[in-house]
Amino acid sequence: MTESAALPPPRGPLPWVAGGLGLALLAAGSWIGLFEAPAEQHMGDVQRIMYVHVPTAWNAMLAFTFAFACALLVLWRGDWRWDCRLEAAIEVGVVLSALLCIQGAIWARPTWGVWWDWDPRLTTTAVMLFAFIGILALRRFVDDPSRRAAWSAVATVIAYADVPLVYFSVRWWNSLHQMQSTPETVSSPFHLPLRMNAFGVLLLTCAFISLRARVAQLRLREELSPPPPAWAAPARAPATGGAR
Amino acid sequence: MSLAAALRKEGLVQWRTRARFLAVLAFGAVTLLLFSFAAGPDAATLRRHAPGFLWLALMLSSTLALAESFQAEFEQRALEGLLLLPASARSLFYGKALVNAAQLALLGTALVPLTVVLYDVSLPRPGALVGVIVLGAAGLSAPGTLYAAMSSQARARQMLLPLLLFPLVVPVLLSAVKGTALLLAGDPMGQLPSWLLLLAAFDAIYWSLCGLLFDRVVEE
Amino acid sequence: MNAPSGVIEGGWEYVWAAYAVTAVILLGYAASLIARYSAERRKAARGEKGAIEVLS
């Protein structure tokens, strides 16, 4: 992993289109969830939190799974672009799982009377949040780009393999917990806002990852570009793409 | 370099730096003492929390022990030399991880008498407790050795190792604490085997995964 | 908070809090990404201009 020539300057309207669409879909789905959908039988209006909570959960998991795939590709193929996507996916996953933990606490309070009830899914998310914050810190504290790529890929594989172990250990440790809320267990008037928000957050996640990967790519291009010659001291280092 | 040679080297290094082990042991003992101050002098409370405190003390001291494990190599730039030998990075990793596991198991075992004295617990099955400690130490040492190899070459290494290691070993902490609690307080429901199985599964997964990935950590 | 019927009554303040936190975090993250992206773009453009000045 040495040539920066394999790092073209990022282009294309993908993040803007996906982000705009996702935001619109999320806004419309939340509107329906808040004002159109009926209150749930047992949970009442508190149930409406589910329309943002569950899509966030799915997409946080998806972002970490994508990070795991990126890590494998970095280790096998040694492509810088996957390193950029790895960094992006971890950061977006951290943001989504932090949001998920906050939503989970807000949900738990009226439902069970406590802010945190050690539900295995939510607790696993919290543990993963800290594991991936550690990987972001690792990336921050390693200066050599190719070491940083290899190490964060290794750490991502190791952290991702921990997900089922954490889940089962927390589940056994705190055996009372409630059923999964997927569209199968949720009756039909609740489907539409849930599906809309799920796709909305999915599009937003894609937009975030793609835009964050571009930031990483621009930074990496600067890092990998050769240092400027001594007589060019006041100028910035030329990017390889521009000096052709 | 075979595994035996790597083990001999690590064992020798550990023996020559045994003063360091005593310092880590002292740190663990102080931690146990501090935990008992934090939980108050009520004997029943202390007894109930003893397994958790024992494992937290071991976990906190483990970062000190693990952080040191690559120090010599990097201070004297010996790792490059070691990797130039017709050696596999893998045997180097397993040598280090085994010695670290042994060191942590010894540390944990040495903290048990102190736990008994401070927290007034009884030890109905000391042999089984040592078994749990060995399994837990193995679970801490495999990812810990790998992360120590990374963090000792990074900036802010004091902070990085616990930040990476602690979230990862949550299953070790949970199952080891539960296992220890069941051993100390009795196990009427027969739950001990499933916790030990979880701990052994963690060990198996991470001893193979970390060995597989270690050469990507040290390669230039 | 539990009514005798077992239905949770009210709780709208929690619903609003959840949606507000979601909006703030998602929009805030989007804003920070856009700011970082445009800063990197400006930096890259400046670098390329500098290179051209040096080369000519």
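Good morning. Please keep in mind that the structure before you is a predicted model.

I begin with chain C. Its secondary structure consists of one helix and zero strands. Chain C has 56 residues, and 20% of them count as buried. As an example, take C:K43, which belongs to helix α1, residues 12-55, of chain C. Along the chain, C:K43 and C:I25 are 18 residues apart, and a distance of 27 Å separates their C-alpha atoms.

I turn now to chains A and B. Here 23 residues of chain B are in contact with 25 residues of chain A. On the side of chain B that touches chain A, at least two residues come from each of α7 (126-151), α8 (157-168), α9 (170-185) and α10 (192-218) of chain B. Which of these supplies the largest share? That is α10(B), with eight residues. Sorted by class, this side of chain B holds 18 nonpolar, two polar and three charged residues.

Finally, the core. The largest nonpolar core has 149 residues, and A:A67 and A:A89 have the most contacts inside it. Helix α6 of chain A, residues 191-224, gives this core its largest share, 17 residues. Beyond its neighbours within four places in sequence, A:A67 is in contact with A:L86, A:A89, A:I90, A:G93 and A:T156.

Thank you for your attention.

Methods: Residues numbered from 1 in each chain as written. Chains lettered and ligands numbered in written order. Predicted model: local features only at pLDDT ≥ 70, side-chain atom pairs only at ≥ 80, totals over all residues. Helix = DSSP H or I, 4+ residues; strand = E, 2+ residues; numbered from the N terminus. Buried ≥ 20, exposed ≤ 12 C-beta atoms within 10 Å, placed from the backbone. Contact = placed C-beta atoms within 7 Å. Nonpolar A, V, L, I, M, F, W, Y, C, P; charged D, E, K, R; others polar. Core = buried A, V, L, I, M, F, W, Y, C linked by C-beta atoms within 7 Å.
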